[in-house]
Amino acid sequence: SVTCGNSLVVKFARTNLTFKGLFPKEKMMMWMGEMGAQLGSVIASVMFVGTIFRQYLPPQLRYYVDKYHHKLVKLFYPYIQITFDEYNNEFHKRSEVYSAIQSYLSTKSSTIVRRLKAHDVKDSKSLVLAMDDNEEVADEFQGIKVWWVLVKRELRQTSFSVYPQSDEKKHYKLTFHRRHRDVVTGAYLAQVIKEGKAITVGNRQRKLYVNNPSRNWYTYRGSTWSHVVFEHPATFETLALHPKMKEEIVNDLIKFREGKEYYAKIGKAWKRGYLLYGPPGTGKSTMIAAMSNLMDYDVYDLELTTVKDNTELRKLLIDTPSKSIIVIEDIDCSLDLTGQRKKKKEKDEEDNEEKDPVKKEMEKEESQPSKVTLSGLLNFIDGIWSACGGERLIVFTTNYVDKLDPALIRRGRMDKRIELSYCCYEAFKVLAKNYLDLESHELFETIERLLGETNMIPADVAENLMPNSVTEDADSCLKKFIEALESAKEEARKKAEEEEASKKAEEEAKLKAEKEEREKQEPGKDEVKCNGTSAKEEDAK
């Protein structure tokens with residue numbers, strides 16, 4: 001019997017006897033085969049009972065069975081498990097705790113785990129490695145051993161949808177002995193999150209995000225934002241601005257970055273609005289890049305024309321983390337926020353019936369105009385939802401600030417207004433240093449005089465200072481720039497003369513029209529009455 005076999009095996013171990021004399025090899029093989037058959041039968045029976053239990057047992061009764069089953073397991077299994085889901089709320093926002101754990105375990109798993117996944121490339125020089133799905137990593141804290149497992153669970157779609165949901169969910173599972181509960185849930189997890197966030201900051205690259213159309217939010221692996229690595233080289237040192245203005249902006253940004261406690265003290269959301277306005281080509285986009293590099297913030301380029309309504313606008317805000325710059329460029333052109341939207345021309349719909357219904361539905365959604373309102377945008381900037389998260393900069397750019405609604409750019413929403421105008425002499429010296437590596441030159445005096453008499457945007461100045469071939473030197477570039485300034489000055493003079501002549505012609509035409517109108521209204525000689533008769537009647541007599 002099995003019992004006898006077990007007792008014999010124990011006896012062999014204690015007496016150091018061999019199997020050959022007391023337990024023949026053939027009998028051992030037969031016994032192992034019988035045990036395998038019995039074990040397989042037991043496993044099949046358990047699986048059958050489990051299937052019947054899940055399918056036919058009423059939910060009410062199943063609840064009590066599960067309840068007492070867990071209590072029974074707790075008597076014999078002394079370990080506690082904690083799960084950390086990747087997405088843990090209805091807005092499908094990635095958990096910061098999950099990301100911190102992922103970064104923390106990347107330093108542990110790279111030397112222990114056999115199956116790894118390579119993530120972001122840091123400055124194109126090194127790889128960030130992380131544990132693969134369903135791998136386990138052991139960790140130790142104050143003599144306490146814990147185990148981490150990355151679990152991926154496949155989901156089954158029970159219904160058809162035009163926009164199917166993601167078919168998998170991930171979570172980290174932490175296992176530890178119950179006698180270490182207080183230490184693990186307190187000091188250990190706090191250290192994991194702290195170190196994980198520090199590793200994330202050290203490894204992360206600045207990114208440029210753009211919002212996806214809402215029809216892509218709920219597709220397979222869909223998301224509200226898409227990104228690319230943001231490697232714009234602009235800094236405030238290379239920005240063509242007056243030094244005093246640059247110093248003022250830099251101090252304002254640094255004060256904001258270090259003002260978490262101050263904003264909490266005054267009871268205000270930790271955010272700040274910047275309005276950049278000025279003619280095209282004055283460096284508004286370059287200013288945003290310089291702000292990102294100074295603050296080490298990601299840039300979220302919000303395209304309002306792809307946002308269908310205010311609800312989608314709020315979701316985009318919720319999915320924007322801290323340490324970010326939310327940008328709406330050319331806001332005066334993004335939407336007609338006064339409600340007077342341009343009506344689109346009606347299209348021929350004769351072929352719509354022949355199109356695929358899914359494609360037809362998607363085209364129908366695309367053709368619908370955005371319903372984002374001024375009120376929704378104001379709530380996005382300064383409403384209750386704007387306090388969800390912190391350490392955000394909101395930047396608007398426009399070429400025509402007079403076209404914007406005053407409520408949109410008032411103090412408290414756009415806290416700082418920065419006018420980026422035509423190139424001044426101080427800005428020119430920055431560009432000369434950047435492009436020609438010059439800090440002084442004999443032609444600078446002439447350029448200073450011409451810049452005071454001519455309006456030229458920094459983009460045109462940079463274009464003229466940039467050498468077009470290897471044979472061009474600094475002198476030829478400066479002479480070319482002086483010619484461009486003189487040409488621009490002459491064009492401005494001619495344009496002013498033409499405008500003056502046109503204005504004078506308009507005034508003369510207006511005076512002539514008024515004179516003709518008065519002559520028509522005044523009575524002529526043939527209408528003058530003389531003793532009750534007209535002048536013509538008097539002549540006839």
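## A buried pair to start with

Both D252 and R272 are buried (buried means under 20% relative accessible area, exposed over 50%, and partly exposed in between, with a 1.4 Å probe and protein chains only). Their side chains meet in a salt bridge, 2.8 Å from N to O. A salt bridge here is a side-chain nitrogen of Lys or Arg within 4 Å of a carboxyl oxygen of Asp or Glu. The pair links distant parts of the chain, 20 residues apart: D252 sits in helix α7 (residues 243–257) and R272 in strand β9 (residues 271–277). Helices (H or I, at least four residues) and strands (E, at least two) are DSSP runs, numbered from the N terminus.

Before going on, a word about what you're looking at. This is a predicted model, where local features need pLDDT of at least 70 and side-chain atom pairs count only at pLDDT 80 or more, while totals for chains, interfaces and linings use all residues. Residues are numbered from 1 along each chain as its sequence is written, and side-chain values use heavy atoms, with hydrogens and water left out.

How many salt bridges does a search of the whole structure find? The count is 16. As a bit of background, side chains of opposite charge can pair when their charged atoms come close.

Another of these pairs is R410 with D382, whose side chains meet at 3.4 Å, N to O. R410 lies in the loop between β12 (392–398) and β13 (416–419), and D382 is in helix α13 (residues 374–382), so this bridge ties together parts that are 28 residues apart in sequence. R410 counts as partly exposed because its relative accessible area is 35%, and D382 is partly exposed too, at 31%.

K433 is partly exposed, with 36% relative accessibility, whereas D437 reaches 56% and so counts as exposed.

## Two sides of helix α15

Now turn to helix α15 (residues 444–453), where F444, I447, L450 and L451 are buried. Why do they sit on the same side of α15? Because they cover an arc of only 125 degrees around the axis, the arc being that of the directions from the helix axis to the C-beta atoms. Look at the face turned away from that buried side, and you'll find the exposed residues E445 and G452.

With a relative accessible area of 69%, E442 is exposed. E442 and D475 are 33 residues apart in sequence, and their C-alpha atoms are 9.6 Å apart in space.

## Patches on the surface

Patches are made of residues with over 30% relative accessible area and no salt bridge; like charges are joined within 9 Å, and nonpolar side chains (Val, Leu, Ile, Met, Phe, Trp, Tyr) within 5 Å.

The nonpolar patch is formed by L39, I43 and M47, which together have about 320 Å² of accessible area (areas come from the Shrake-Rupley method with a 1.4 Å probe, and for residues only the protein chains shown count as cover). L39 lies in helix α3 (residues 25–56) and is exposed, at 53% relative accessibility.

The negative patch is made by E500, E506, E507 and E508. For charges, Lys and Arg count as positive and Asp and Glu as negative, while His and the chain ends are not counted; the place of a charge is NZ of Lys, CZ of Arg, CG of Asp or CD of Glu. E508 belongs to helix α17 (residues 474–521) and is partly exposed, at 47% relative accessibility.

## Loops worth a look

Which loop holds A387? A387 is in the one between α13 and β12, and it is partly exposed at 49%. A387 and A269 are 118 residues apart in sequence, yet 5.2 Å apart in space, C-alpha to C-alpha.

That loop between α13 and β12 is also where E391 is found. E391 is not a glycine, but it has a positive phi of about 55 degrees. Most residues other than glycine have a negative phi. Is E391 buried or exposed? At 6% relative accessibility, E391 counts as buried.

Q142 also has a positive phi, near 55 degrees, and is a residue other than glycine. Q142 has its place in the loop between β4 (136–141) and β5 (144–154), and at 61% relative accessibility it counts as exposed.
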